[in-house]
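Subject: Two-chain model for your review

Hello,

Here is the model I said I would pass on. Please look it over before reading my notes.

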Amino acid sequence: MEPSHASRTLRDIVAVLVVAIFMFPILWWGLNSIKPYSAIFDKDGPVYLDFEPTLDNYRVTMMGVSRVELAIQDGGGTYGAGGASSYDSRQTILDSIIVSVGSTIISVFLATLAAYALSRMAMRGKQHFIFWVLSQRFMPPIAIVIPLLFMFRDMGLRDTHFGLILAHVLINLPLAVLLLKSFFDDVPKDVDEAAMIDGATRWQSFRRVVLPMVRGGVAATAVLCFIFSWTEFMLSLYLTTSIRTLPVKITTFVTSTGTEWGFITALGTTAILPAFVFILLVQRHLVRGLTLGSLKE
Amino acid sequence: MASVTISDVSKSFGTVEVIHGLSLDIPDGKFVVLLGPSGCGKSTLLRMIAGLETATKGDIAIADTVVNTVHPKDRNIAMVFQNYALYAHMTVFDNMAFSMDLRGTPKAEMKEKVDWAASILNLTDYLDRYPRQLSGGQRQRVAMGRAIVRDPAVFLFDEPLSNLDAKLRVQMRTEIKELHQKLKTTTVYVTHDQIEAMTMADHIVIMRDGVIEQEGRPLDIYDGPDNLFVAGFIGSPGMNMLNGTVERMDGTPIVRMTDEIALPLPENAGAKDGQAVVYGIRPEHLEPRPDTGTLAATTQVVEPTGPENHVYASLGGVEVCAITRDRIEFKPEAPVRLTPDLERVHLFDADTGMVIRHG
């Protein structure tokens with residue numbers, strides 16, 4: 001039965017409301033990043049749109065302008081609340097991109113091979129192995145962070161991009177393998193067999209036939225890995241000192257003399273962008289039904 | 001082109017043996033159909049010929065070369081799968097050209113071959129399309145095109161038509177047969193559909209539970225089934241099977257079905273008096289008439305198909321089917337007389353299920 005006009009309108013209103021609830025914090029975040037300090041903390045109540053927009057917060061976090069310079073430009077006084085820690089976050093964003101992209105590439109590469117093998121090849125105790133892979137994800141990272149710290153220190157991996165990439169791969173791999181396995185399972189074995197009869201080796205049938213058919217799954221897995229790595233906090237905090245990823249860097253904006261909400265929101269808003277661009281690049285592969293037409297459905 | 005020889009091949013999955021020491025000769029250029037109910041091992045046998053399964057015991061030879069350990073790609077075979085197994089991310093052209101591309105065939109030759117296959121299969125206008133943009137029949141033709149461009153020694157078909165609707169199935173049946181007549185490539189075709197087997201095969205191999213029940217030319221099998229299983233499996237509507245005991249009545253042999261019903265036998269029927277038998281008669285050899293005939297039965301359902309009337313009747317409590325091409329009106333629940341063609345009666349031993357040949 002077609003829903004009536006009234007029920008459709010109601011459905012639309014509910015949908016808009018739900019989206020609004022989810023979007024509001026992001027909007028507020030973005031809004032605060034362009035407010036002058038006085039508008040973020042107004043004694044008379046929240047300021048919504050009644051303020052003079054400024055890019056000062058971005059100039060500090062993204063252009064390396066120091067707080068002293070800003071204060072001088074503003075005609076004396078102090079700008080913001082905190083102490084003297086460095087707010088220039090350009091290197092941080094670069095570090096985060098290196099770690100996230102690096103760990104995503106390695107995770108997806110390893111997971112694709114492992115998932116294909118788990119999906120296609122017979123091996124003794126496969127179910128146990130799959131459960132073992134999954135069980136890695138049950139383990140809370142806090143439980144391994146100290147041993148990992150010592151191991152990384154001894155191997156010279158502490159405070160290196162590669163070390164952090166490796167740590168993120170460790171956490172990402174189990175889920176990536178299982179997720180990709182389910183995508184490979186959806187491609188019927190007949191397709192591999194057809195390729196083999198057509199003259200393909202196992203590698204050729206993987207590379208040229210099966211892999212292109214799970215492109216959507218690879219993209220989805222990449223997005224998940226990237227977002228995890230982009231937002232991961234604890235391992236980054238313990239395993240690095242000079243390299244700072246975004247979540248760790250932002251916590252340094254909470255200082256002993258106050259919280260720099262302006263810089264936090266500016267950097268937070270900026271941090272959304274690379275993730276957004278990455279997902280935008282990947283999302284055209286995120287179409288369902290890539291195997292459509294291969295089989296009789 | 002090549003012959004295929006299967007010598008004493010067995011196949012086990014774990015502890016379960018699904019094919020038991022089977023031997024079969026497939027001569028060069030023949031169209032052989034492996035026919036049987038699901039689970040009879042016919043697909044497994046085909047997959048062993050393809051090299052997708054390995055034989056547990058015995059030898060498989062293609063063109064007189066044992067290929068037990070040869071990789072599928074080196075067996076010079078082509079296979080069409082039940083669900084087509086097309087490469088969804090490639091165009092029709094690329095699907096067909098894939099095998100040649102892997103072998104490093106020059107582009108010009110590749111195009112020539114694909115064009116040739118496409119023209120045979122009426123796919124010329126679709127070469128740029130993706131499988132998802134094609135109908136079921138077209139997809140099946142792409143799968144066949146992928147097979148024929150290779151110019152293989154043996155074609156293997158694994159129930160290629162079972163996913164198509166009835167009308168398309170009949171059409172594709174003819175196309176595959178035509179293709180075979182054109183190319184004359186040795187073909188092994190697996191199906192559970194006896195009509196497909198009858199219409200397409202030069203030679204039918206009927207399998208059950210991993211053994212061959214009977215093999216031969218389609219009409220020879222139809223006219224002379226070796227046992228009850230084959231008799232019941234081939235033919236639609238199926239052969240009527242009536243249980244009884246051989247007796248003599250007034251000096252002529254009959255099969256006593258019930259006290260009232262005596263099924264007539266030819267003089268030379270090979271059965272002994274007192275032997276428990278199954279009396280088999282195909283519907284088209286059992287003539288229904290409203291008034292005259294040997295056996296008295298009661299009409300239950302009448303199905304006019306156009307060319308024929310199928311009369312389902314109850315004979316001594318057993319449902320039988322009789323077919324006539326005459327335009328006679330039969331009424332449900334009315335008496336009907338049935339006359340078997342004595343020359344076409346099949347007798348089977350009730351205990352062993354094996355045919356009793358006429359003496």
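My notes on the model follow.

**Ground rules**

This is a predicted model: local features need pLDDT of at least 70, side-chain atom pairs count only at pLDDT 80 or more, and totals for chains, interfaces and linings use all residues. Residues are numbered from 1 along each chain as its sequence is written, chains are lettered from A and ligands numbered from 1 in the order in which they are written, and side-chain values use heavy atoms, with hydrogens and water left out.

**The A/B interface**

Chain A brings 24 residues to the contact and chain B brings 29 residues. Contact here means heavy atoms within 4.5 Å. The area buried between chain A and chain B is about 2,400 Å², with 59% of that from carbon and sulfur atoms. Buried area is the accessible area (1.4 Å probe) that two parts lose on being put together, summed over both.

Three salt bridges are counted between chain A and chain B. The criterion is a side-chain nitrogen of Lys or Arg within 4 Å of a carboxyl oxygen of Asp or Glu. A:D198 forms a salt bridge with B:R150, and their closest N and O atoms are 3.6 Å apart. Nine residue pairs, both at pLDDT 80 or more, are in polar contact between chain A and chain B. A polar contact is a pair of N or O atoms within 3.5 Å; within protein, one must be able to donate a hydrogen and the other to accept it, and residues adjacent in sequence count only if both atoms are side-chain atoms.

On the side of chain A that touches chain B, the elements giving two or more residues are α9 (189–197) and α10 (202–213) of chain A. Helices (H or I, at least four residues) and strands (E, at least two) are DSSP runs, numbered from the N terminus. α9(A) gives the most to that side, with seven residues.

**Cores**

The largest nonpolar core has 59 residues, and A:V209, B:I6 and B:L156 touch the most other members. Such a core is a set of buried Ala, Val, Leu, Ile, Met, Phe, Trp, Tyr and Cys residues joined through side-chain atoms within 4.5 Å. Buried means under 20% relative accessible area, exposed over 50%, partly exposed in between (1.4 Å probe, protein chains only). Not counting residues up to four places away in sequence, B:L156 touches B:L46, B:I49, B:A50, B:I77, B:A78, B:M79, B:V80 and B:V188. Another core, of 47 residues, lies apart from the largest one; B:M110, B:I148, B:A201 and B:F233 are among its members.

**Chain A**

Start with helix α3 (residues 56–63) of chain A, where A:D56, A:N57, A:Y58, A:V60 and A:T61 are buried. The buried residues of α3(A) pack against α1 (5–33), α4 (67–73), α5 (90–120) and α14 (261–283) of chain A. After α3(A) comes A:G64, with a positive phi near 75°.

A:K249 sits in helix α13 (residues 246–251) of chain A. Is A:K249 buried or exposed? A:K249 is buried, at a relative accessible area of 10%. Leaving aside neighbours within four places in sequence, A:K249 is in contact with A:S86, A:D88, A:S89, A:T92, A:R244 and A:L267. A:S89 is 160 residues from A:K249 along the chain, yet their C-alpha atoms are separated by 7.7 Å.

**Chain B**

Chain B has eight helices and 21 strands. Its C-alpha trace spans about 80 × 45 × 35 Å along the principal axes. Of the 359 residues in chain B, 53% are buried. Among contacts in chain B between residues at least 6 apart in sequence, 66% join residues at least 24 apart.

Some backbone points to check:

- B:S236 and B:P237 are joined by a cis peptide bond, with omega about -5°. B:P237 is in the loop between α8 (228–233) and β11 (240–249) of chain B.
- B:A85 is not a glycine, but has a positive phi of about 50°. B:A85 lies in the loop between β6 (77–80) and α2 (92–102) of chain B, and is buried at 0% relative accessible area.
- B:D209, also other than glycine, has a positive phi near 50°. B:D209 is in the loop between β9 (203–208) and β10 (211–216) of chain B, and counts as exposed at 54% relative accessibility.

Finally, B:R256 is in strand β12 (residues 252–256) of chain B. The side chains of B:R256 and B:E247 make a polar contact (3.4 Å).

Best wishes
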